[in-house]
Amino acid sequence: MVHLPDAVVGDAQTSLFAWNRLEELVDVGNRMAGQTGEAAGAEIIREAFEDAGLRNPHIEEFEIPGWWRGSSSLTVESPNERVHEGSHQVVALPGTPAGEATAPIVDVGDGTYEEFEAKSAELDGAIAMATSDTPESADRWLHRMEKYVNAADHGAVAFVFRNHIEGALPPTGEVGYNNRPGPIPAVGVSKEVGARLERYAADGDCEVTVEVDCRNEPATSRNVEAYVGPEGPDEGGDADEVLVTAHVDAHDIADGANDNGAGSVLVAEVGRLLSQVDDDLDSRVRLVTFGSEEIGLRGAYHCAETTDLSNVKCVINLDGACSSRNLRVGTNGFDELGELFRSVAADFDAPISTGSTISPHGDQWAFVQEGVPATMTGTTSDQSGRGWGHTHADTLDKLDSRDLRDVATLVTEAAYRAAQDEFEVESRSREETRDAIDEGYVQELKMGGRWPY
């Protein structure tokens with residue numbers, strides 16, 4: 001088995017290249033897809049690619065259905081009048097339409113399919129409220145999109161998504177997906193506001209008004225790319241390629257430090273380290289940061305649709321990769337990729353967890369759905385669900401530069417090994433992928449307008 005030279009590993013363990021770029025990214029503030037901050041973030045990454053000595057760093061633009069936040073509020077009309085309009089209490093969910101609705105709150109708990117069915121008779125004309133949690137009894141993670149669509153399908157006139165993490169942190173997250181804007185107004189509320197609404201609803205007398213002001217208009221998003229290693233066919237060469245990817249956009253209420261500023265700067269750092277062993281690579285490594293992941297994986301889809309996928313050996317996608325130094329790798333059923341990362345972890349005596357479920361959550365899905373071998377690579381965390389992600393609290397102080405360096409070391413080693421001729425991974429056909437997807441995810445993808453088959 002090949003290994004990175006000790007000098008490169010030593011560089012990875014002492015470098016502040018990635019951390020310094022992460023500070024630049026979080027200082028941009030709002031990096032919402034299609035907005036000026038996302039463009040600024042893309043330029044920071046392009047400059048990082050250039051500083052890393054990578055080949056042909058460039059930005060590629062594409063059109064998306066953009067969303068701009070206005071003001072939002074949730075007013076309790078009864079039993080005790082109270083207005084919630086602070087950003088620590090309530091935020092609109094991207095993809096929501098503008099609108100206003102006044103109706104009783106119906107609490108559907110964690111928003112499982114069974115809980116929606118149990119409250120079906122009460123939901124027509126009501127405002128549905130569900131938590132951001134997934135119960136331990138569920139066999140997979142339940143996405144907010146499913147809860148939102150279930151609410152609309154049961155006749156609800158608005159949707160309230162309440163955080164299960166305390167700290168006055170209303171959660172955000174896309175609900176429009178490919179059917180933007182969605183059919184009913186939607187807001188996220190803090191755990192504390194949600195607890196009050198739950199208490200009132202349990203007494204059977206809780207009427208609220210949800211009001212959302214926002215814009216759904218076309219916008220321009222951006223991918224950033226660069227190369228290291230031998231030239232691919234588009235450059236006049238004949239090498240296949242390994243993609244190392246992440247998304248640079250983040251929700252507008254957050255700094256997006258872990259989701260996914262860390263992933264973006266890790267891509268640049270992996271490229272910088274691999275540039276020191278450029279001549280050792282048998283495959284080209286293409287470094288890509290996607291725009292518009294948070295509102296439909298649109299940057300990844302743009303990349304997949306404009307790439308000769310028959311030339312892609314595998315994709316290593318980084319998302320949420322600095323909550324610790326312990327890797328978590330979703331292999332999407334490509335066993336060779338799991339073996340690759342486990343061998344790296346073993347050689348570095350590093351903890352790792354892997355899972356084989358084919359998951360549609362993350363930019364790798366745009367490639368996996370076509371049968372391209374791809375991982376979702378992040379790190380483990382003690383927090384439930386997204387933790388600080390998708391809230392105001394996704395800030396730099398939650399992260400540690402030592403974790404970033406350790407993850408960079410492991411991912412660079414994995415990419416280095418993947419770019420050798422001796423590493424082989426078998427792709428799947430579209431049909432094989434379709435037939436292997438868990439029925440629960442089939443249901444979610446169809447509900448969100450994202451079923452690709």
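Reply: Glutamate 444 counts as buried, because its relative accessibility is 3%, under the 20% cut-off. Bear in mind that this is a predicted model. Glutamate 444 sits in helix α14, which covers residues 439-447. Its side chain makes a polar contact of 2.8 Å with the side chain of histidine 361. Setting aside residues up to four places away in sequence, glutamate 444 touches Arg140, His143, Glu146, His361 and Arg450.

Now over to strand β12, residues 327-330. Its covered face carries Leu327 and Val329, while Arg328 and Gly330 are on the uncovered one. β12 pairs in the parallel sense with strand β13 (residues 352-355), over 4 bridges. Within that pairing, arginine 328 has serine 353 of β13 as its bridge partner. To get from β12 to β13, the chain goes through helix α10 (residues 335-347), and this β-α-β crossover is right-handed. β12 also pairs with strand β14 (residues 374-379), this time in the antiparallel sense, again over 4 bridges. There, valine 329 stands opposite threonine 377 of β14.

Last stop, valine 224, in strand β8 (residues 207-228). Valine 224 counts as buried because its relative accessibility is 0%. Leaving out neighbours within four places in sequence, its contacts include Ala42, Ile45, Arg46 and Phe49, as well as Leu287, Val288 and Thr289. Valine 224 and valine 248 are 24 residues apart along the chain, and their C-alpha atoms are separated by 9.0 Å.

Methods. Residues numbered from 1 in each chain as written. Predicted model: local features only at pLDDT ≥ 70, side-chain atom pairs only at ≥ 80, totals over all residues. Heavy atoms only, no water. Helix = DSSP H or I, 4+ residues; strand = E, 2+ residues; numbered from the N terminus. Buried < 20%, exposed > 50% of the residue type's maximum accessible area, 1.4 Å probe, protein only. Polar contact = N/O pair within 3.5 Å; in protein donor to acceptor, adjacent residues only side chain to side chain. Contact = heavy atoms within 4.5 Å. Pairing = 2+ DSSP bridges. Right-handed = clockwise from strand over helix to strand, strands pointing away.
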